[in-house]
Amino acid sequence: MCQQPAIPLINHNIVFYGAGSMAEAIVRGLIARNVVESGRIIMLNRSSSERLAELRSRYGVLGYNAPESKLEALRTAPVIVLAMKPKDAAEALRSLGPLLSPDQLVISVIAGLTIRTMQGLLGNPQPVVRTMPNTSSSIGLGATGIAFSKEVGEDSRRTALNIFEAIGLTAVIDEERMETLTGISGSGPAYIYYMMEAMIAAGIRGGLPLAQSRELTVQTVLGAARMVQQTGEEPAALRKKVTSPNGSTQAAIEVLERGDFFETVISAVNRCAERSREMGSALEQELH
Ligand SMILES: NC(=O)C1=CN([C@@H]2O[C@H](COP(=O)(O)OP(=O)(O)OC[C@H]3O[C@@H](n4cnc5c(N)ncnc54)[C@H](OP(=O)(O)O)[C@@H]3O)[C@@H](O)[C@H]2O)C=CC1
Ligand SMILES: O=C(O)[C@@H]1CCC=N1
């Protein structure tokens with residue numbers, strides 16, 4: 001794993017095929033860190049002109065949904081990032097395949113979509129990269145799992161790594177581990193937000209003003225993550241330091257234990273991985 005090395009400037013066009021939350025998070029991160037000039041980023045979607053106008057004005061990127069401009073962008077871009085929902089991916093990949101030349105690199109952020117299915121739907125052994133980023137990429141604190149197809153050459157490998165290293169931590173992994181990684185870091189921000197929602201609500205119910213409850217919760221989550229990162233201590237050891245024998249934290253942890261908190265979180269991660277596999281299987285069916 002590595003975190004934010006020296007930033008190389010990517011000096012070729014990158015097309016984002018799909019212009020939703022995840023595409024925006026990556027683009028925002030890339031632009032904020034000056035990795036790519038905004039004029040080299042082309043965002044395509046299916047139909048929403050308002051969304052493209054918003055992205056153009058927010059980031060100075062190019063955005064098209066007129067069929068001819070989309071085809072031209074897809075035919076010529078050295079790098080295409082697939083960022084539509086899984087349900088829209090099969091149709092998009094089938095029509096994309098015939099447009100591509102063998103040296104164009106296709107990077108997917110789509111949950112569940114395997115390298116084999118991607119290449120099958122494209123109809124050729126295109127160099128493809130399967131990734132699983134998360135939305136924290138938008139502030140340079142993403143965590144992205146990356147797996148390469150065997151057709152990806154050294155330069156393309158470097159290009160893909162440059163993109164994701166610029167917006168956070170990267171982990172190159174065996175493709176078989178991608179679903180587990182999705183359960184931890186791809187979907188993980190949502191679990192932490194859910195915990196924060198509950199903490200904020202508890203503060204309000206206990207009489208704290210919303211703003212204070214929110215601020216205290218945010219600082220607590222931020223501080224806890226930083227403590228693990230900066231001290232190098234294990235979360236369990238740090239938890240012990242907060243938990244006085246028979247004190248208030250112990251009383252709280254006992255309530256979490258009664259709710260089977262630890263195993264519930266593990267079950268949630270496992271179900272997320274399983275759901276990713278289900279979505280991948282549904283896409284694989286499209287090959288037949
Ligand atoms: N959100 C997250 O936290 C994460 C998401 N992902 C993955 O990212 C992908 C996108 O998710 P997210 O950004 O949340 O989804 P959104 O719904 O926010 O965005 C989907 C985008 O895809 C576009 N689109 C749909 N069909 C086509 C098509 N045929 N051609 C071109 N564009 C198309 C939509 O355009 P229009 O609006 O015009 O229909 C829209 O811009 C998913 O596959 C998800 O698994 C991965 C990691 C984290
Ligand atoms: O919920 C989803 O399917 C996507 C994948 C990871 C995060 N969001």
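Okay, let's start at the ligand: an oxygen atom of ligand 1 sits 2.8 Å from a polar backbone atom of Ala19. I'm calling that a polar contact, meaning a pair of N or O atoms within 3.5 Å; within protein, one must be able to donate a hydrogen and the other to accept it, and residues adjacent in sequence count only if both atoms are side-chain atoms.

Quick housekeeping. This is a predicted model, so local features need pLDDT of at least 70 and side-chain atom pairs pLDDT 80 or more, while totals for chains, interfaces and linings use all residues. Residues are numbered from 1 along each chain as its sequence is written, chains are lettered from A and ligands numbered from 1 in the order written, and side-chain values use heavy atoms, with hydrogens and water left out.

Back to the ligand. Ser47 has a polar backbone atom 2.7 Å from an oxygen atom of ligand 1, and Arg46 brings a polar side-chain atom to 3.1 Å from an oxygen atom of ligand 1. Which residues are closest to ligand 1? Of the 21 that surround it (a heavy atom within 4 Å), the closest are Ala19, Met22, Ser47, Ser48 and Met84.

Now helices, which are DSSP runs of H or I, at least four residues, numbered from the N terminus. The axes of H1 (residues 21–32) and H2 (residues 49–59) come within 11 Å and cross at roughly 15°. Axes here are lines fitted to C-alpha atoms over the stretch in contact, with angles from 0 to 180 degrees between N-to-C directions. That makes H1 roughly parallel to H2; the cut-offs are under 35 degrees for roughly parallel, over 145 for roughly antiparallel, 65 to 115 for roughly perpendicular, and oblique for the rest. On contacts, meaning heavy atoms within 4.5 Å, Ser21, Glu24, Val27, Arg28 and Ile31 of H1 meet Arg51, Leu55, Arg58 and Tyr59 of H2. That contact divides into 4 nonpolar, 1 polar and 4 charged residues.

Next pair: H4 (residues 86–96) and H5 (residues 115–122) have axes that come within 7 Å and cross at roughly 50°. So H4 is oblique to H5. Ala90, Leu93, Arg94 and Leu96 in H4 touch Met118, Leu121 and Leu122 in H5, giving 6 nonpolar, no polar and 1 charged residues.

Last one: the axes of H7 (residues 178–186) and H12 (residues 261–285) come within 8 Å, crossing at roughly 130°. H7 and H12 are therefore oblique to each other.

Terms used:
Helices (H or I, at least four residues) and strands (E, at least two) are DSSP runs, numbered from the N terminus. Ala, Val, Leu, Ile, Met, Phe, Trp, Tyr, Cys and Pro count as nonpolar, Asp, Glu, Lys and Arg as charged, and the others, Gly among them, as polar.
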